[in-house]
Amino acid sequence: MNYNWDFASVFDNWWALAVGLQGTLRLFAVCLILGMSLGLLVALGRRAHAKPVRWASTGFVEFFRNTPVLVQILWFYYALPILAPVEISPFMAAILGISLNSAAYSAEIFRGGIQSIEPGQWEAARAIGMSGLQTMRRVVLPQAVRRIIPSLTNRGVEIFKMTTLASVVAYVELLQQGKLVASLNFNPLEVYTVVAALFLIILYPIVRATYGLERRLARSD
Amino acid sequence: MPDPILRLSGLAKSFDTNTVFEDVDLDVAPGDRIAILGASGSGKSTLLRCVNLLEIPDAGRIELNGDVVGNPEKSGRARYPERELRELRKRVGMVFQQFNLFPHMTVAGNVAEGLVTVLGQSSGPARERALAELDRVGLRDKADTYPSRLSGGQKQRVAIARALAMDPEIMLFDEPTSALDPALVGEVLGVIEQLANEGRTMLLVTHEIGFAYHVANRIAFIAEGGIYEIGTPDEVLKNPRREKTQKFLAEHRRFQF
Ligand SMILES: Nc1ncnc2c1ncn2[C@@H]1O[C@H](COP(=O)(O)OP(=O)(O)OP(=O)(O)O)[C@@H](O)[C@H]1O
Ligand SMILES: [Mg+2]
């Protein structure tokens, strides 16, 4: 097959892709922070003394782990405003869908990390008079987080890629802008190749950097 | 006799159907060094852990320097609110068989942790105090290394310094040398002996009977769900009166020469 690659038509529209990239990064940053912090809260909720809190946290995890993000985004965008008098922007719908799903997965990662800390660490901390919360903050979480950095990195990469799902509600991100450029210039091959390459160029260095971080942390214990 | 630092009365603890002990009474006077001996599974660790409420006793009373710990109820079972657990544990130091140092903190960080997080001291004075405690156990030069770089004996000495930094009224040792290579046992026993000579009050669970004989002023032998025999080292170790104590000591002497 002899195809004449023509990237010029992509680069002529670089500003459209740049706007998309900005939208992607914005969505990613919000979902990363919300997803991870909510995940930590839910993980702590699953260990709470109060049964209702434990049930609610477990229910949350199971619900959001077992429903597709794409459906959630569509649901928040089209269905929620019918039920409640709220206006949901594409940005909001994407944040809700991606963050809640990521929270469910990262809650499981945090829970596994917390459980992997030896009971002796709890006992030593309690024996010098620390409260449960102090023990968690000073002794258990710092060790747990080191152990789960690889899994959290995977989650972060997953969140980054999931941002493309926001195109389903026409949120302006990289894929959405790519579609636009491709439909105007009839060059899907070049556009989607560039979009894929942009994801790779951004994600790969981040992943490498966390490998380095992992190694550095491993040295201290 | 001066008022006891620690008084246990009618202490009982079971795990499901397994009754570990039913009615333990023990008075610990200031400066007492009480070695606790007994067969494996006889409940030595459980007794020690009840003293700082890492295990909650089913019944009985714990008094520390005259303060009744928890809220005794009519049923005999006391309730121990979280606040009281923490208050008690500040005043009781514990050293574990497995050291349980915090691997993500430096040696000085381990020792200062309780001062900063529990007692609310600022980091400067806490570090000064940590260095002083490390000096006492001969490890000041290791202050800024991480526990993974230490030998077992050094780790246990750091764990002792960590407990001492809190100025405990009584120290609990649960087989502090059982996880160590024989060559490293001496340095840890040396530190404990030094504490004993300083007049620290301690309960020491150990299998080092020779050490117990030299350092303890009283020996408590645990069997049959309670303190089976208690007395001076000469009484209990040289002339045990009761059968199980005699058998236990004979068993321990079998391979000595
Ligand atoms: N957390 C627990 N849950 C259930 N049973 C326990 C628990 N801790 C201890 N036991 C049981 O209580 C009894 C006393 O155990 P304990 O650890 O106090 O014995 P020990 O005298 O310290 O023994 P060792 O010399 O082996 O350390 C044993 O039968 C043990 O199986
Ligand atoms: Mg034991």
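Is Gly190(B) buried, partly exposed or exposed?

Modeller: This is a predicted model. Gly190(B) counts as partly exposed, because its relative accessibility is 30% and that class lies between the buried limit of under 20% and the exposed limit of over 50%. The residue sits in helix α6 of chain B, which spans residues 182-197. Its C-alpha is 9.8 Å from that of Phe211(B), a residue 21 places away in sequence.

In soluble globular proteins, nonpolar side chains tend to be buried together.

Another helix of chain B shows how buried residues can be arranged. In α2, residues 82-91, the buried residues are Leu85(B), Leu88(B) and Arg89(B). They lie on the same side of α2(B), because they cover an arc of only 95 degrees around the axis. An α-helix has 3.6 residues a turn, so residues three or four places apart point the same way. The cover over these buried residues includes α6 (119-127) of chain A, along with α1 (44-51), β4 (59-64) and β8 (92-95) of chain B.

Now the charged side chains. Over all chains, the whole structure has 23 salt bridges. Side chains of opposite charge can pair when their charged atoms come close. One of these pairs is Arg129(B) with Glu133(B), at 2.7 Å from N to O. Both residues belong to helix α4 of chain B (residues 123-136), where they are 4 residues apart, about one turn of the helix. Glu133(B) is buried because its relative accessibility is 3%, whereas Arg129(B), at 24%, is partly exposed.

Arg129(B) also forms a salt bridge with Asp167(B), with the closest N and O atoms 3.2 Å apart. This pair links distant parts of the chain, 38 residues apart: Arg129(B) is in helix α4, and Asp167(B) is in the loop between α5 (152-164) and β9 (170-174) of chain B. Asp167(B) has a relative accessible area of 49%, so it counts as partly exposed.

A further salt bridge joins Glu224(B) and Lys244(B), at 3.3 Å from N to O. Here too distant parts of the chain are linked, 20 residues apart: Glu224(B) lies in the loop between β11 (218-223) and β12 (226-231), and Lys244(B) lies in helix α9 (residues 243-253) of chain B. Glu224(B) is exposed, at 56% relative accessible area, and Lys244(B) is partly exposed, at 38%.

Conventions: Residues are numbered from 1 along each chain as its sequence is written. Chains are lettered from A and ligands numbered from 1 in the order in which they are written. This is a predicted model: local features need pLDDT of at least 70, side-chain atom pairs count only at pLDDT 80 or more; totals for chains, interfaces and linings use all residues. Side-chain values use heavy atoms; hydrogens and water are left out. Helices (H or I, at least four residues) and strands (E, at least two) are DSSP runs, numbered from the N terminus. Buried means under 20% relative accessible area, exposed over 50%, partly exposed in between (1.4 Å probe, protein chains only). The arc is that of the directions from the helix axis to the C-beta atoms. Contact means heavy atoms within 4.5 Å. A salt bridge is a side-chain nitrogen of Lys or Arg within 4 Å of a carboxyl oxygen of Asp or Glu.
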